[in-house]
Amino acid sequence: MSRLVAFDQCIARPGSLLRDHLIQVGHSIEMFLEKESDTLRRLAGLAGICHDIAKSHAKWQDYIHLKKKKGPNHSACGAFFFSYLGYHLLQGIGEWEQYQSEWLGLIRDIADHHSRLHNLSDEAWLTCYDWPSLDLAGIEAFIHEQYKELSAVKINPASLEQWLKEAEEAVEEALDALQLGYGSWKALRLMRKVQVWRHITTGLIAGDRFDVKQVTTIWFDKYAHQCHLERIDNYCKKNQNHLLSAVRLQAQEDIMTQLLRDPKERFYTLHMPTGYGKTITSLKIASWFGEQQDFQKIVYVAPYLSILEQTSLVIEEVMGEKTLEHHSLALLEDRDENDQRTSESQLAVESWAHAIVCTSFHQFGKALFPKRSQDVLRRAFLQNAVIIIDEPQILSPEVWNVFLCGLEALSDLMNLKVIFLSATMPPFHYGLSKLPVPLQVRATSDHDRYQLLLEEARDEVSLASFLKEKEVSTKAAILNTIEDAYRVYRNIKTERAYLLHGLMIPIHKKVLIETIKQELNQKKRRYPLYVISTQVIEAGVDVSFQHVARASAILPSIVQAAGRVNRHLEGEAIGTVSVFPFYRKGIMDTRSLIYLKPLQQITDQLLQQQSVWRESELTALVQTYYQEMFRYNTFEAAMAYIRDAYEGEWQKLSNFFHPFEQNLLVKLPVFVPWNPNEEEQNLLPKSYSYLQNKFKAYNAEAIYERYSDKEYMRKLSFEDRKQFMILFNYYVLNIPQKKALRLVGEEQFLKHRIPILRGTDAYDSQVGLHLLFESSDGLN
């Protein structure tokens, strides 16, 4: 005979009765959905009551009392309980037909509340459970106490077995109600329904997680926004004698004047040339929305970690506010425990429980189209926020329209303002129902910082010679592939040359960028400075050269590269951008390895209209480029994924959304034991040094030794393990499978999930990972 634990004596965790937890989650989700109908709130509250009810299973109680290492899965059984009770609740009040889809969505949410979010058609929860190990009489009394409407519903083995026979028909009916058939449909209408579903999911998950660990947030009030506006103005008035400072101030004033003409819309584009201060201007706009329209939060979103970390420092300097950074290498350091804005737990990071957040495209995408239940926490405190999206043109064109549609639906639901920032703005009319309000300042010929010249084709040897011939002291070349950049670097053969690319571990890349910045800031220079890079330097790295040579790419990338030239009008002469076809070894056109042929053709047709372009002429040219690009392919076919999600196939939409174009190559992680020299130690980020001290691991080998010590890792708390893996991942490269196996050996991958690179000079302090190129191409 199975052992029972009386329901009223069951605990959800040490010191917390299960019934109290269920009641609290039920109340929490109803409060979260305060703007929804009473019926939906009541139904969702029942989901909160049921979500963990199977924790009353005797074996799960043994687990929580440390008598067992693992308890039975409680989520699926909780979903089954809710399906039974929720069906009878809706039938009893005559609301089944209207709310059957929400009923099915909540079943799925309960089943998934500790896992990936599955499709509605996944019926793994619909099975027989170990009823004798549950105090069904105690559960029945609890449900009747909380829901008088269900007082006639019996909860016993016979009634639950009967429901198992009937439930499939109810599920099929709910699924059928979602099918659109061959009729017409509007993407935004369906997306709004989908986002409401995930809003309900958020209420459930937030209620569950925040009852276990209290998380609160502080919003900016009008006074805080007024202070921010004052600080921004004071910051911008510094160095007014500098020519570009005056240009920036005037540009900002023009933008604010434009905003005042149309301040009530949801979407805005802030279109300014690179280096004109669009980030600070966007912060001023966000603060103005806060002061004038009661928005309470700012979320800054960017494609690359370099942009995020740089902007976080700018916000601290300009606005006097610490930010919450949420990305793969973000660390919430120990701060003043009385300052709620900066002292939250890992759960607070995941829920963006902060008044100003800096996050990545990847993390923001998880808020829009969550893959796991934990992802929806990003939405818990998103109400009344201003969302700043920097460099949106870097998003993959395939997902752009779906991203916009999802953002519009979420903005309506949560009262968001959205500001897009770029010097090369993509089109919006295929994804938004209404075009954003344009806030725009164009470069003028009076303040052109560079000219763009079309040059003859080059290879690695002739490009190196071309760079050396340029009689300027700071010069850079941006190539389309890592191997191209490496080959050019090898041909420069000078002491003051740096190579920057994606096959450098994150900590090495950070140190190298800081080194380059220091070099560029030198007032007097004995030797020319050369930087050879891939596209990693094009956006978000605040560097400025007198000359940049850019291998032919697509027009937005070329213009972004141009933004690294004479960025602050620091040169007496106008800067130069040289654009040229690049052929590896004089034969191979590597441009096609990265960019689609039709987009190359559009770029070439536009640029070849004249041989010299001024900065002020490029804005209109980029707009023409995007018009032609979307004429070639509107990318509207991807909107079908919205219909799939509405009809219950959620994973088609969530798996489709990848911010960047997908490289289909399988990659494997490798730990690279690179250590900075004494001079480079001073350039390490504070968060990295903090982690080194915390885990007493002061070099790469010590970090890997800690990682390999299973007992050490097992003893770390969940949050400490997460922080340790942030430190560890500063040294990890993801390398194409064949090359990784050649470097490390298949045996090492069988022994270690992330093997260490040992006994080879494949990784170098100057050039990063390079042996693959040398061994395959005969370089020496």
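**Close-up views of a predicted model**

View 1. Helices (H or I, at least four residues) and strands (E, at least two) are DSSP runs, numbered from the N terminus. This is a predicted model, in which local features need pLDDT of at least 70 and side-chain atom pairs count only at pLDDT 80 or more, while totals for chains, interfaces and linings use all residues. Residues are numbered from 1 along each chain as its sequence is written, and side-chain values use heavy atoms, with hydrogens and water left out. The side chains of Arg41 and Asp38 meet in a salt bridge at 3.9 Å, N to O. A salt bridge is a side-chain nitrogen of Lys or Arg within 4 Å of a carboxyl oxygen of Asp or Glu. Asp38 is exposed, with a relative accessible area of 60%, and Arg41 is partly exposed, at 21%. Buried means under 20% relative accessible area, exposed over 50%, and partly exposed in between (1.4 Å probe, protein chains only).

**View 2. Glu309 and Lys510 form a salt bridge between two helices.** Their side chains meet at 2.2 Å, N to O. Glu309 lies in helix α12 (residues 305-319) and Lys510 in helix α18 (residues 506-520), so the pair ties together parts that are 201 residues apart in sequence. Both Glu309 and Lys510 are buried.

**View 3. Arg487 and Glu460 belong to a network of salt bridges.** The side chains of these two residues meet at 3.0 Å, N to O. Because Arg487 lies in helix α17 (residues 482-492) and Glu460 in helix α16 (residues 460-469), the pair ties together parts that are 27 residues apart in sequence. Arg487 counts as buried at 4% relative accessibility, and Glu460 is buried too, with a relative accessible area of 6%. The network also includes Glu483, Asp484 and Arg584. In total, the structure holds 42 salt bridges.

**View 4. An open sheet is built from 7 strands.** The strands pair in parallel, in the order β5-β6-β4-β7-β8-β3-β9. β5 (324-326) and β9 (437-440) stand at the edges with a single partner strand each, so one side of each is left without a neighbour in the sheet. Two strands pair if DSSP finds at least two bridges between them; 4 bridges join β3 (residues 267-271) to β9. Within this pairing, Thr269 stands opposite Pro438 in β9. Helix α15 (residues 397-414) packs on the sheet and touches β3, β7 (385-390) and β8 (417-422). Contact means heavy atoms within 4.5 Å.

**View 5. Strand β14 is enclosed on both faces.** 5 of the 5 residues of β14 (residues 547-551) are buried, so the strand is largely enclosed by the rest of the structure. His547, Ala549 and Ala551 are on one side, with Val548 and Arg550 on the other. β14 pairs in the parallel sense with β11 (residues 474-478) over 4 bridges and with β15 (residues 575-580) over 5 bridges.

**View 6. Ala286 is a buried residue of helix α11.** This helix covers residues 278-293, and Ala286 has a relative accessible area of 1%. Leaving aside neighbours within four places in sequence, Ala286 is in contact with His225, Ile298, Val386, Ile388 and Ile419.

Notes. Axes fitted to C-alpha atoms, helices over the stretch in contact; angles between N-to-C directions.
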